[in-house]
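I opened the notebook to go through this model element by element. The entries below are in the order I looked things up.

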Amino acid sequence: MSRLESKLNELKNQGRKALNIYITAGAPDVETSKRAIIEATKAGADIIEIGIPFSDPLADGPVIQASSTAAIKNRMSPYRVVSIIKELRKNIDNPLIGMGYINSLMSYGYRYGNDYNGFERFVTEAKIAGMDGLIIPDVPHEESTQIKATSRRKGIHLIEFVTPLTTIERMESTCKDATGFIYCVSNTGVTGVKELDFSKIGEVTNQAREFTQTPLMIGFGIGTPQAAANAAKFADGVIVGSAVVKRLQENKFDEAMDLIHSMRVALDQSK
């Protein structure tokens, strides 16, 4: 059983919801992002999603886009993310999930010459460093066969997506062999804090349960402890990004950690 599966099973057995916190590697600076990842686990995060900065992040809203721009200016790259994960593993045991875009991951091997599959080298080295899963929002399910096979061969969970617009046929196909967890996108926009009626994505998670036993995590739009608790009613956990990243970018480190702690408390009190 993988580190991610073990953590999600542990939470399920405790009757608790998972809290997945997204932090952009290298923003607002490299050292702060590393410290934030460590401190987030102490504040109550069960899983850390490490953003791999990319210049054209199609799924990310303005807050995370700005953090990616800052991280790139700080010379953050997939190579450095792998190095950071290796360093972090000396301090934390929590599951670490990479979140990035396929172009930067496919080009990973170019440093070593064009005769090597860049994506395969990335997941190989990331797994050795201690990465447990990978989210690639710009690769549709129908086109993910090769990278999914490579990821599984290397012991990395490639996270699948479902949304309010996913058809029943596509949902069944997506869910049937999903591992780790399934990312349930709460709305049809990009990331960012919003006022949402999470019962809409609840209809999606209810449908997904017919096709899989893999844990379901709701993300996009969750920015307060109450929103986290409301969303968690319909899934096995929640994913929070922009609300934390915004505070880190504004140099409100303690406030970011307090938010994570408050979300952990809200999730536990809503059991």
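These notes cover helices, helix pairs and a few single residues.

**Entry 1: the model.** I am working from a predicted model. I keep that in mind for every value below.

**Entry 2: helix H1.** I began with H1, residues 3-14. What end-to-end distance do its 12 residues call for? At 1.5 Å a residue they should span 16 Å, and I find the end C-alpha atoms 17 Å apart, which agrees.

Next I looked up burial in H1. Leu4, Lys7, Leu8 and Leu11 are its buried residues. Viewed down the helix axis, they fall within an arc of 95°, so they line one face of H1. I noted that a lysine, Lys7, is on this buried list.

Which strands does that buried set pack against? I found four entries: E1 (18-24), E2 (47-51), E3 (96-99) and E5 (157-158). I then stepped just past the end of H1. Gly15 is there, with a positive phi of about 70°.

**Entry 3: Pro28.** I checked the peptide bond from Ala27 to Pro28. This bond is cis, with omega near 0°. I flagged it because most peptide bonds are trans. Pro28 sits in the loop between E1 and helix H2 (30-43).

Entry 4: I placed Pro62 in helix H3, residues 62-73. Is Pro62 buried or exposed? Its relative accessible area is 62%, so I count Pro62 as exposed, the cut-off being over 50%. I also took a distance from Pro62 to Met76. The two are 14 residues apart in sequence, and their C-alpha atoms are 19 Å apart in space.

Arg75 lies in the loop between H3 and helix H4 (78-88). Its phi is near 65°, a positive value in a residue other than glycine. I made a note of this because most residues other than glycine have a negative phi. Arg75 is exposed, at a relative accessible area of 70%.

**Entry 5: H6 against H7.** I fitted the pair H6 (residues 118-129) and H7 (residues 145-154). Their axes come within 9 Å and cross at roughly 30°. That angle makes H6 roughly parallel to H7, because angles under 35 degrees count that way. The crossing is right-handed.

Which residues meet here? From H6 I listed Phe119, Glu120, Val123, Thr124 and Lys127. From H7 I listed Ile147, Thr150, Ser151, Arg153 and Lys154.

**Entry 6: Gly130.** I followed the chain on into the loop between H6 and strand E4 (133-135), where Gly130 lies. Is Gly130 buried or exposed? Its relative accessible area is 9%, so Gly130 is buried. The cut-off for that is under 20%.

I then asked what Gly130 is in contact with, leaving aside neighbours within four places in sequence. The list is Arg3, Ile85, Arg89 and Leu96. Arg3 belongs to the residue range of H1, and Leu96 to that of E3. I also took the C-alpha distance from Gly130 to His157. It is 12 Å, for residues 27 apart along the chain.

**Entry 7: helix H9.** H9 covers residues 199-208. Its buried residues are Ile201, Gly202, Val204, Thr205 and Ala208. Down the axis they fall within an arc of 160°, so they line one face of H9. The face turned away from that side carries the exposed residues Glu203 and Asn206.

What does the buried side of H9 pack against? I wrote down strand E6 (160-162), helix H8 (168-176), strand E7 (182-185) and strand E8 (216-219).

**Entry 8: Phe220.** I found Phe220 in the loop between E8 and H10. Its phi is near 85°, again a positive value in a residue other than glycine. Phe220 is buried, with a relative accessible area of 10%.

**Entry 9: H10 against H12.** H10 passes H12 in a right-handed crossing. On the H10 side, Pro225, Ala228, Ala229 and Ala232 make the contact. On the H12 side I listed Leu259, Ser262, Met263, Ala266 and Leu267.

Key
Residues are numbered from 1 along each chain as its sequence is written. This is a predicted model: local features need pLDDT of at least 70, side-chain atom pairs count only at pLDDT 80 or more; totals for chains, interfaces and linings use all residues. Side-chain values use heavy atoms; hydrogens and water are left out. Helices (H or I, at least four residues) and strands (E, at least two) are DSSP runs, numbered from the N terminus. The expected span of a helix is 1.5 Å times one less than its number of residues. Buried means under 20% relative accessible area, exposed over 50%, partly exposed in between (1.4 Å probe, protein chains only). The arc is that of the directions from the helix axis to the C-beta atoms. Contact means heavy atoms within 4.5 Å. A crossing is left-handed if the near helix is turned anticlockwise from the far one by less than a right angle, and right-handed if clockwise. Axes are lines fitted to C-alpha atoms, for helices over the stretch in contact, and angles run from 0 to 180 degrees between N-to-C directions. Angles under 35 degrees count as roughly parallel, over 145 as roughly antiparallel, 65 to 115 as roughly perpendicular and the rest as oblique.
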